[in-house]
Amino acid sequence: MGCFTFVKVVMVVFNLLICLAGMCLTTAGIWATVNIDFFMEVLPPFTDEYLSHVNVAIFSITIGAVMTLLGMLGCCGAQKESKCLLIMFFSIILIICIAEAAAAIVSLVYSSYTEIILIAWATPGLKEQYGKDQILTDSWNSTMTTLQCCGFSNYTDFSESYYYKQNGALYPPTCCVGPELFPCDEDNANFSSVVGCFKQIVKVTQRKVDIVGGIAAGVTAIELAAMGVSMYLYFYLDKKAA
């Protein structure tokens, strides 16, 4: 009985951690949603295309809320020694783990194609619409000024573009660094070596991705441990009932 009582305590502790982890995920998702205007401002040319496929904030809020409720369910199951609640807890946690694994795999697969997809979308826009479409031009100017970058890959994205031809073979001012490098022709743009906006976007988002990845790894470990403990309690109660 001493061992069983200890496992019950462990189960309660794990579920309190799951509740806490769920609250953290929900908070992170709410923060990302509240600060969506920041991302829209910094990454305007990419947001419509990118956010239509990936909405991590909503996923985090949903999973976090479910985990918080599950933590409470697990605590009740352990405290009341209810086999029904324990098997329900195990089953739902298992489904969540499978969903998280699937989401991680999809994210990894999608990320490997992100640059290819964005290049296919962004480069023609720069070539044909930058300098002609005012909304697109203002969006790119905002991004390049904020992130101190030039084009998607580098200044060559503007070579032979509409803007390039209409401005006497010149590049946007953000493609050159320093007043001595104006006008921003090909030689000055090449000398400046201003990085493309994609690399800058990766730097901005990578910090957030690392934090989310660390939280997700910790949450998964807690979930697996809680599943193991819940099964131990379930089989113990089943054997005791027999």
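Predicted model: local features only at pLDDT ≥ 70, side-chain atom pairs only at ≥ 80, totals over all residues.

Trainee: Which pattern do the disulfides of the protein follow?

Mentor: A search of the whole structure turns up 3 disulfides. Cys-149 is joined to Cys-197, Cys-150 to Cys-175, and Cys-176 to Cys-184. Counting bonded cysteines along the chain, the pattern is 1-6, 2-3, 4-5.

Trainee: How many residues apart in sequence are the parts that Cys-149 and Cys-197 tie together?

Mentor: The S to S distance for Cys-149 and Cys-197 is 2.0 Å. Helices here are DSSP runs (H or I, at least four residues), numbered from the N terminus. Cys-149 lies in the loop between H6 and H7 and Cys-197 in helix H9, so the parts tied together are 48 residues apart in sequence.

Trainee: What handedness does the disulfide of Cys-150 and Cys-175 have?

Mentor: The sulfur atoms of Cys-150 and Cys-175 are 1.8 Å apart. The torsion about their S-S bond is about 70°, so the disulfide is right-handed.

Trainee: Is Cys-184 buried or exposed?

Mentor: Buried means under 20% relative accessible area, exposed over 50%, and partly exposed in between (1.4 Å probe, protein chains only). Cys-184 is at 3% relative accessibility, so the label is buried.

Trainee: On to the rings: what kind of aromatic pair do Phe-152 and Phe-198 form?

Mentor: Rings of Phe, Tyr and Trp (its six-membered ring) pair if their centres lie within 6.5 Å; planes under 30 degrees apart count as stacked, over 60 as edge-to-face and the rest as tilted. The structure holds 7 aromatic pairs. For Phe-152 and Phe-198, the distance is 5.2 Å centre to centre, with 35° between the planes, and the pair is tilted.

Trainee: The charged end of Lys-132 sits over the ring of which residue?

Mentor: For that call, NZ of Lys or CZ of Arg must be within 6 Å of the ring centre and within 35 degrees of the ring normal. The charged end of Lys-132 is 4.8 Å from the centre of the ring, and that ring belongs to Tyr-162.

How values were computed: Residues numbered from 1 in each chain as written. Heavy atoms only, no water. Disulfide = S-S within 2.5 Å. Helix = DSSP H or I, 4+ residues; strand = E, 2+ residues; numbered from the N terminus.
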